[in-house]
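Colleague: I would like a close look at a single residue in this model. Please start with the whole chain, then zoom in.

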Amino acid sequence: MGTRSARKRRRMLKNMVRDEISAGGVVVRPKGDGWEVLLIATHGGARWSLPKGHVEPGESAEEAAVREVREETGVTARVVEPLDTIEYWFRWKGAEGSLLIHKRVHFFLMEYVSGDPKDHGWEVDDARWFDLEEAVQMVAYKDEQELLRKAREVIARRLASSEKADG
């Protein structure tokens with residue numbers, strides 16, 4: 001009797017928890033002596049964050065990051081390198097009831113290619129370039145603040161190694 005009850009609880013839990021995979025980008029472009037990063041605003045323009053979204057079936061995380069950046073910001077960017085994966089949990093309430101979502105978001109450092117954030121998608125309230133240091137303070141989530149700090153370190157490392165190669 002205990003085994004059947006444990007199996008039933010595991011099955012119920014499995015139906016109440018869903019894993020989701022998303023991908024996004026830290027899109028940068030040079031400006032003067034520094035760098036700008038592209039952020040999106042949601043929640044009536046009150047919450048700034050990095051562009052990201054679901055990985056579609058048959059799509060790689062890299063492909064999803066490029067697509068989501070384009071759809072949400074109106075900007076085309078190319079992947080430079082993987083940055084990090086952020087994981088978090090949240091509760092979603094829908095018609096079927098309440099689900100606990102375990103989300104993993106694969107972020108990539110991306111370089112601006114073309115486009116204008118004024119052409120951002122309908123699902124965001126705004127998309128704008130910010131100085132990288134300002135963006136660290138602007139984003140609403142601590143995980144994304146850390147991701148922007150990491151992007152700053154990766155950019156510095158890549159610049160230092162390209163200067164060594166040139167010199």
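Predicted model: local features only at pLDDT ≥ 70, side-chain atom pairs only at ≥ 80, totals over all residues.

Which residues does glutamate 144 touch, and is glutamate 144 buried or exposed?

Modeller: Of the chain's 167 residues, 37% count as buried. The chain holds four helices and seven strands. Along the sequence their order is α-β-β-β-β-α-β-β-β-α-α. Now consider contacts between residues at least 6 apart in sequence. Of these, 71% join residues at least 24 apart. The exposed surface comes to about 10200 Å². Carbon and sulfur atoms supply 50% of that area.

Now zoom in. Glutamate 144 sits in helix α4, which covers residues 142-166. Its relative accessible area is 4%. The cut-off for buried is under 20%, so glutamate 144 is buried. What does it touch? Leave out residues up to four places away in sequence, and the list reads Ser49, Leu50, Lys52, Ile86, Phe107 and Val139.

Is histidine 43 buried or exposed? Its relative accessible area is 54%. Exposed means over 50%, so histidine 43 is exposed. The backbone of histidine 43 also deserves a look. Its phi is near 55°, a positive value in a residue other than glycine.

Glutamate 144 is buried at 4%, whereas histidine 43 is exposed at 54%.

Conventions
Residues numbered from 1 in each chain as written. Heavy atoms only, no water. Helix = DSSP H or I, 4+ residues; strand = E, 2+ residues; numbered from the N terminus. Buried < 20%, exposed > 50% of the residue type's maximum accessible area, 1.4 Å probe, protein only. Contact = heavy atoms within 4.5 Å. Areas by Shrake-Rupley, 256 points an atom, 1.4 Å probe, with all protein chains shown as cover.
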